[in-house]
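Hello,

Here is the structure I promised to pass on. Please open it next to this email, and my notes follow below.

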Amino acid sequence: MNPNYLDFEQPIAELQAKIEELRLVGNDSRISLSDEIGKLEEKSRKLTEQIFRDLTAWQVTQLSRHPQRPYTLDYLDSIFTDFDELHGDRHFADDAALVGGVARLDDKPVMIIGHQKGRDVKEKVRRNFGMPRPEGYRKACRLMEMAERFKMPVLTFIDTPGAYPGIDAEERGQSEAIAYNLAVMSRLKTPIIATVIGEGGSGGALAIGVCDELQMLQYSTYSVISPEGCASILWKSAEKASEAAHAMGITASRLKELGFVDTLIDEPLGGAHRNPRKTAERVREALSGSLERLQAMDTETLLERRYGRLMSYGAPQ
Amino acid sequence: MSWLDKIVPSMSRTQRNDRRASVPDGLWRKCPNCESVLYLPELEKHQNVCPKCQHHLRLTARKRLNWFLDAEGREEIAGDLQPSDRLKFRDSKKYKDRLASAQKSTDENDALIAMRGALDGLPVVAVAFEFSFMGGSMGAVVGEKFVRAATLALEEEIPLVCFAASGGARMQEALFSLMQMAKTSAALEKLKLAGVPYISVLTDPVFGGVSASLAMLGDLNVAEPNALIGFAGPRVIEQTVRETLPEGFQRSEFLLEHGTVDMIVSRPELRERLGSVLRKLTHQPVVGVSADDASVEVGDFSPLPDEPDASRASR
């Protein structure tokens, strides 16, 4: 099994392996295999289209966690210029699971805040698998308030399994750190745009997710609890995760139907990781559009609109 | 079947099987801490605090508010709000059926009760979570009721008090329930900016989405003794860190030590302590001193109760 492909993508992986083989043979011999390769590539594309046409909520969950999926810092490199990373919550530590700093989007200053996962084992551990501790959320809060002072929009990138469930995190007030951010973000006098690029894991995601506009990548998820967690509580078995993912409606497309998402960003065929550059370009377009809309509003309108939006969640129909 | 039988089914079953038992069902309850067998009317007289060991047993939301607020002038807020199953959620059971059975067993519409009233004459809005309604979980109705209570407190400029007891967000309402965290926190931020006091009382247990929103945002966070309070549940943490958790982890006393709560107050002292703090925050005289005698300037002040209490004034 090719680790770059998920279980449901294995037929594509097999086809791609064949194409690779033919290429190697073609390089060695004088016979041109380009026609044959072209045919197979067309077949592979069709197969991918077919498989990706109708993904289950669980398959989308797997894609949202794909080890090659672009992370916050990847988008930083491709969308923004002139990034200065800022560190620390000024109280306890710097949390590498949550990054932030000032950068430029189309030359205009913006504040970026996002969860960060690691690629290799060492980096994964250093980034704590994208699960922030209270100091991460407090750093985020500090940067948001700084953005308010310096009149910069806040752009957040959400990609976390959740806030870290550890002894130290509890000791330092994980709940309070999250709650505090929710309160501050509800009245921050600058536009906030949140983009879910991978996993939107519960309160740990929402703690940088209160916003004026929510964008979600096509194969990202946003959920009150992980499908595994939900399954082990309600079905008494983590193996029912796929059913739980479906029941909770955690995919971008379902959440768009339910009215939570403003902009759904289509991913390239096969997912963001198959063409990170194209994905980044689309995220950038969505961000620019969203910023233009929000920056046309005066602060009072913006805040009233944000409050109204928050109050509308689950309001009696 | 009484509400108590639901909570202690095993106990009532043994009673029913015991032919010698001459007492009616559900008149006795064992303290989960010291195991003393307690006479229910006696236990209720002490607001479910064990008279032997002072263990704080859970109290239903309605009993809690009826005890906390003065008997005069209590008025329920948004009591008619009904939960709805927006996602047609179904696990081993339909959410609709879970709601129906929770409503039947608790006689409440959802897991939060809100009331306006007074605390020793001081007008307040108070809300309480009903833990026996699906673990006090926060869905759309809980969030909406909380916001309506907070908005009333804001408009009338009277303090808000919340008694939290909840396992967290209600999974069956998925993202609708997650967003209640942001919704309730936004409403509380308005109170904060307007200088309207909010006291969050943490009772056993408070976790997840409720802990990481409205329950931690009090001007004062107050805990009942020995309540279990945290973000992640102890089992989840144990599985993650693969260590045994320290003694007393996530108990009220642990939170006090780590600076998360302002004070631990036992239930019998709660009315008096909260009243005392709120009267200072709202510049009201101590109970028993009339507004005319007080040196501070006061706004509208409803009539004082007839019986002055020296012990309250001494705090």
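Buried area, as used here, is the accessible area (1.4 Å probe) that two parts lose on being put together, summed over both. On that definition, chain B and chain A bury about 4100 Å² between them, and carbon and sulfur atoms give 73% of this area. B:Met171, B:Leu175 and B:Phe231 supply 17% of what chain B buries against chain A, more than any other three residues.

Before going further, a word on the ground rules. This is a predicted model, where local features need pLDDT of at least 70 and side-chain atom pairs count only at pLDDT 80 or more, while totals for chains, interfaces and linings use all residues. Residues are numbered from 1 along each chain as its sequence is written, chains are lettered from A and ligands numbered from 1 in the order in which they are written, and side-chain values use heavy atoms, with hydrogens and water left out.

Back to the interface. Counting contact as heavy atoms within 4.5 Å, 52 residues of chain B and 43 residues of chain A take part. A polar contact is a pair of N or O atoms within 3.5 Å; within protein, one must be able to donate a hydrogen and the other to accept it, and residues adjacent in sequence count only if both atoms are side-chain atoms. There are 11 residue pairs in polar contact across the interface of chain B and chain A, both residues being at pLDDT 80 or more. Helices (H or I, at least four residues) and strands (E, at least two) are DSSP runs, numbered from the N terminus. On the side of chain B that touches chain A, helix 6 (140-156), helix 7 (174-194) and helix 9 (234-241) of chain B are the elements that give two or more residues. Helix 7 of chain B gives the most, with 17 residues.

How many salt bridges are there between chain B and chain A? The count is 1, where a salt bridge is a side-chain nitrogen of Lys or Arg within 4 Å of a carboxyl oxygen of Asp or Glu. B:Glu189 and A:Arg187 meet in a salt bridge at 2.6 Å, N to O. Over all chains, the same rule gives 41 salt bridges. Another of these joins the side chains of A:Asp82 and A:Arg104 at 3.1 Å, N to O. That pair links distant parts of the chain, 22 residues apart: A:Asp82 is in strand 1 (residues 81-85) of chain A and A:Arg104 in strand 2 (residues 98-105) of chain A.

Next, the sheet in chain B. Two strands pair if DSSP finds at least two bridges between them. An open sheet of 7 strands runs in the order 3-4-5-6-7-8-9 in chain B, with mixed pairing. Strand 3 (75-76) and strand 9 (263-264) of chain B stand at the edges with a single partner strand each, so one side of each is left without a neighbour in the sheet. Strand 8 (residues 220-223) of chain B pairs with strand 9 of chain B in the parallel sense over 2 bridges, and B:Val222 has B:Met263 as its bridge partner in strand 9 of chain B.

Finally, some backbone details. Most residues other than glycine have a negative phi, and most peptide bonds are trans. A cis peptide bond joins B:Asp204 and B:Pro205, with omega about -10 degrees; B:Pro205 is in strand 7 (residues 198-206) of chain B. A:Ser202 has a positive phi of about 55 degrees.

Best wishes
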